[in-house]
Amino acid sequence: MTRGRPAEDLRDTALAEVELTHGLARTWQTPSGFWGALATVDHKIIGRRYIATAFVFLALGGVLALLMRWQLARPESRILSPDLYNQVFTIHGTNMMFLFAVPVMEAMAVYLVPLMVGTRNIAVPRLNAFSYWMYLVGGVLLWVAFVLDMGPDVGWFAYVPLAGPQYGAGKRADIWAQMITFTEISALAVAVEIVVTVLKQRAPGMSLDRIPLFVWSMLVTSFIIILAMPAVMVASTSLILDRLVGTHFFNPAEGGDVLLWQHLFWFFGHPEVYIIFLPAVGMISSILPTFTRRPIFGYLPLVLALVGTGILAFGLWVHHMFTTGLPRVGESFFTASSMAIAVPSGIQIFCWLATIWYGRPVLKTPMLFILAFLFTFVIGGLTGVMVASVPLDTQVHDTYFVVAHFHYVLVGGAVFPLLGGVYYWFPKITGRMMSERIGRWVVGLLLAGFNLTFFPMHILGLQGMTRRIYTYQADMGWGGMNLFVSLSSLVLATGFLLFFIDAFRSARHGAPAGDNPWGAATLEWATSSPPPPYNFVRIPVVESASPLWDSPDALPVATGLRMDRRELLVSTVADAVPEARESSPGNSIWPLWAAAATTILLIASIFTPWAVVWGAIPVTIALIGWFWPKGTPEDES
Amino acid sequence: MKHRVVIDLAELPPQGVGSASLTWWGTLAFMLIEGTGFALMIGVYLYLGSLAPEWPLGAPPPALGPGTAVTLVLLASLIPNWLLSRWAEAEDLRRVRIGLLIMAAFGVAPMVLRVLEFRALGISWDSNAYGSAVWMLLGLHTTHIITDLAETFVLCAMMFSRHARNARRFGDVQDGVLYWYFVVLTWLPIYACLYGIPRL
Amino acid sequence: MKPGRAARLCFLLLCLCCAGCTGWQSAMDPQGPAARRLDQLFWLFTGTAALIWLLVMLVLALALLRRRMPPEAVAEHRSTVAVGGAVAATVLIITGLTFASYLATRQDSAGHADALVIRVRGFQWWWEVTYPDAAPDHSFLTANEIHIPVGRPVRIELAAADVIHSFWVPNLAGKQDMIPGRDNALTFTVQQPGIYRGQCAEFCGLQHAHMALLVVAEPPEAFERWRAAQLAEAQAPRTPEAAEGQRLLEIKACGACHTVRGTAAAGTLGPDLTHLASRQYLAAGMLPVTRGALAAWIADPQTIKPGNNMPMVSLSADELQALSAYLVDLK
């Protein structure tokens, strides 16, 4: 385009503010009404849906946890039958890992990453819509199966042969495996979107050393997802094939191997822990500067720690198999690598401590969650060093010690920062503040409730209480402590309940937040709360790692994007130099149809392998409909 | 917050090409996912082979003919694929149409040979773990050929329709070309695995 | 303050538990060199971990309380030194712990030529125990209760009949999985006579919770006496009622799954019952072996241990009486 710009070429360069925001809103809006809601590709709407759905699954999984604690409160109790208990603990684990922890972190990223890197929508936005539907169906599949008494009962790890064709009767294990397919498709799709968004859609000037640490953590996490999740897809597909068409991958009688399952599962399963943990530490690194009123100490070591953890994550899987009788040499290697992961974790903790030490801590709720995290996670990390040792692991493996350990890591290490993140970004998402007073109660109840519930489990494990048992005999002497644990879990549950109440109440009646209620430094706070459909009136330009602190008066911005069609900025990978204006796909109902067609294929294939053949036809039609040009402004060139 | 305009982006091209295109990166990410899947399946094959007393288990090594024919066809397809990419870059619609038809033919040919190749394996998927592993490897790769073939058909239809007069379509063709490279390149280690290892 | 209260409570709990650490299935009450080494290693790790945790909490508390702010450049420099030092310390500690852990593993894997070999095979949900011998008529089968002589190394060879199980007697040694298609083994020595309980540690289905076993460590002479008794055929019935019980065992479904050597019952799907009454427990640790418990178990195994593979065999009250009278005499 040359200087003599025609009048109808609507760019944001010369327009008045009001005209500009109107035009952008018209172009980027989601039409109201039911179909509009189904067809939207706005990352904020989808992100909100994702977050809300994930928290619904958290609540449901929490109810299952309480059921288990009710059953275990007394020896030989008969509240849950062994069959029901096995479904309950399987679904609790599966739900928390696949339907809550991973999706909620990705959901936060779907909402926040485009805002934090200063772009107008996530990359491949229709895939984003598709991924949400797949996730929702996967979750509903698991829970409907549970309600119909067809819930998986083979553990969230579904070890063969128990989950195999010979011992896993009925369709329970198939439902588990297909639920995996749904959630992995959705997780992989989001990972691709995040990678492309972070690499190619950053605001001008946001070079690699100015990327907010949460965004860095999501980039590393997305790569871990891309490299780890195919393993569980291969595993669950092989399992379904073994069960449905008689292959022998895991059948030792015909040359298969039982441990192959464990290798594949944990090659995914251990990185899974970091898929959950890294976004959480990214949140801490992004929240901490706001509440210590200074830039984070050790940006580079923190990034390197994230990347290092991501790489090491793939060298640890065997530490879940220390008792399977693998060769000693191999085990020693995995002990060393498992312990080495303490180094990047240590780097992060020390950098945060230094940031607090030389900062001016403001003890608002998000900061309190960070303190609760440090208190709890350090314990989990240290017990992690213990289970990394082969000889110690032979005693504590598959006992309540390990149950305690990973809840310290996952709840203390990931859920606490996540809830801190919710308190922190809630005003951005809803435009309203959550209650500071209730927030303090939530932190207190969760911290006390969590530690009182899970710390005694270490001791129970050492006293010989194994995992996944639906009851225990009175003469084992575990009754007192189990009762204590069960009562403490009520404190923990109260904390969560209060959190949900606060979130519901604040969404309607919270104090209005304003653009930047915490005085934070990153780009998501440079726009209104909640952000408009187009995120930023003009694309921000980044000149430092703390843009809002370093340009407090006027935000440097770029102009020149069209407003009559969805257009965003593509920039270079390393230095974020603008490369092209690229149109971003508009709303479409086709991702929903594609998800529906895929659902038919996947669920029918639980019952007949031919579903893969005839089910491919509607999937193909839906995909053609998805990609066929519709003559929208975005399709012009 | 007040704005201070520091850059004008109006002069940028309205669409990214090659590594400036978002779909190019998306395709790359999906290739990474699928490549990991292939690597894992080869890993499964090798792992089961390392445990077995003999390999292949209870079957002769697969006959070389059909598999080698598939390999040759796939390798030959690289040339029209490369040409197609150049024509798409030059936005030469006539040649792109011809190239897409050729690539459709190069997609159909290995599918026909693939049927023979499954027979030449000399074992069924439900005979033993070796059979399961080779069928799964071959099946996984076949689904990739099918996917790409379907994509080629759709691109063909598009390029023969009114939607062809759009620079964006040529970008789509180039993404298709990129993906076909991936399908061919991943086949080579699988070919080496399926036919080489049983003969070691 | 909440963290403080939680910490105090946790500490109290820790004290409580250490006071009561005399469980018969507890890793904290080691009864042999293997378990003792693990225990020492455990306390080494725990001590180090507790120290590190306290240190981190101390630094955190100070960081929150301090007020003085040096200039940014000084702060940056001091932070770099402090973080660098802390990371270096982490590396050192981690290396030390890895080495300690490696040493313990190495000592564990030392060979034992004169070990007593016992084969244990995991079933859903019980343990088949074989004492092999070069002479076939000197090897015998039992279930859910392992007798071993004190002072002599014991090598347990582990296998699985159906799904994965895991052999774990925490007072004696760490656990080892029993995996279909693979062979594992575990070697340990017990020095004190005593009865130690173990339990399946790998989730194995409905009754994973009720898959216990006992290890009875006794002086060598007592062990040899036990062994000789186990080699003998089943005790012949001494009362007419017991004789009727044996007849029922042979003609009803029992013999399809169970063996009682010296009778027509020769099934191999369930536990060998030849010396059932010499064992302390029935159904892998569920019930004591008494006549009443036996009758209750036979009358309704699915209520006592839901999902287990023993079907309910319909018997009249008199038949139940006779059968339990016979079984309780199988010393």
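Which domains does the domain assignment of chain C give? Select chain C in this predicted model and colour three stretches: domain 1 (33-105), domain 2 (116-220) and domain 3 (240-327).

**Stop 1: domains 1 and 2 of chain C**

Show domain 1 and domain 2 of chain C together. Their C-alpha centres lie 40 Å apart. Four residues from domain 1 and six residues from domain 2 make the contact. On the domain 1 side, the touching residues are four nonpolar, with no polar and no charged ones.

**Stop 2: a sheet in chain C**

Next, select β4, β9 and β10 of chain C. They form an open sheet of three strands in the order β4-β10-β9, with mixed pairing. The edge strands are β4 (145-149) and β9 (194-199), each of which pairs on one side only. On average, neighbouring strands here are turned by 20 degrees against each other, direction ignored.

Look at the pair β9(C) and β10(C), where β10 covers residues 212-218. The two strands run antiparallel and are joined by six bridges. To find one of the paired positions, pick C:I195; its bridge partner in β10(C) is C:V216.

**Stop 3: two residues with positive phi**

Most residues other than glycine have a negative phi. Select C:A284, which is not a glycine but has a positive phi of about 55 degrees. C:A284 sits in the loop between β11 (281-282) and β12 (287-288) of chain C. Is C:A284 buried or exposed? With 24 other C-beta atoms within 10 Å, C:A284 is buried.

Move to A:R293, also not a glycine, where phi is positive at about 55 degrees. The loop that holds A:R293 runs between α8 (258-292) and α9 (299-312) of chain A. A:R293 has 13 other C-beta atoms within 10 Å, so it is partly exposed.

**Stop 4: two cis peptide bonds**

Most peptide bonds are trans. For a cis bond in chain A, select A:V160 and A:P161; omega is about 0 degrees. A:P161 is in the loop between α5 (125-147) and α6 (172-200) of chain A.

Chain B has a cis bond between B:W55 and B:P56, with omega of about 5 degrees. Look for B:P56 in the loop between α1 (22-51) and α2 (64-89) of chain B.

**Stop 5: where chain A meets chain B**

Show chains A and B together. How many residues of chain A are in contact with chain B? The contact involves 54 residues of chain A and 46 residues of chain B. Elements giving two or more residues to the chain A side include α6, α7 (213-244) and α20 (616-627), as well as the strands β2 (554-559), β3 (567-571) and β4 (578-583). By class, the chain A side has 32 nonpolar, 11 polar and 11 charged residues.

Within this contact, select β2(A) and strand β1 of chain B, residues 2-8. They pair in the parallel sense over six bridges. A:T559 stands opposite B:D8 in β1(B).

**Stop 6: the largest nonpolar core**

In soluble globular proteins, nonpolar side chains tend to be buried together. The largest nonpolar core here has 372 residues. Those with the most contacts inside this core are A:A101, A:V215, A:A231, A:W261, A:I276 and A:A372.

End at A:I276. Leaving out residues up to four places away in sequence, A:I276 touches A:A101, A:V102, A:M105, A:L410 and A:A414.

Methods: Residues are numbered from 1 along each chain as its sequence is written. Chains are lettered from A and ligands numbered from 1 in the order in which they are written. This is a predicted model: local features need pLDDT of at least 70, side-chain atom pairs count only at pLDDT 80 or more; totals for chains, interfaces and linings use all residues. A nonpolar core is a set of buried Ala, Val, Leu, Ile, Met, Phe, Trp, Tyr and Cys residues joined through C-beta atoms within 7 Å. A residue is buried if 20 or more other C-beta atoms lie within 10 Å of its own, exposed if 12 or fewer, and partly exposed in between; C-beta atoms are placed from the backbone. Two residues are in contact if their C-beta atoms, placed from the backbone, lie within 7 Å. Helices (H or I, at least four residues) and strands (E, at least two) are DSSP runs, numbered from the N terminus. Domain bounds come from an automatic or database domain assignment. Ala, Val, Leu, Ile, Met, Phe, Trp, Tyr, Cys and Pro count as nonpolar, Asp, Glu, Lys and Arg as charged, and the others, Gly among them, as polar. Two strands pair if DSSP finds at least two bridges between them. Axes are lines fitted to C-alpha atoms, for helices over the stretch in contact, and angles run from 0 to 180 degrees between N-to-C directions.
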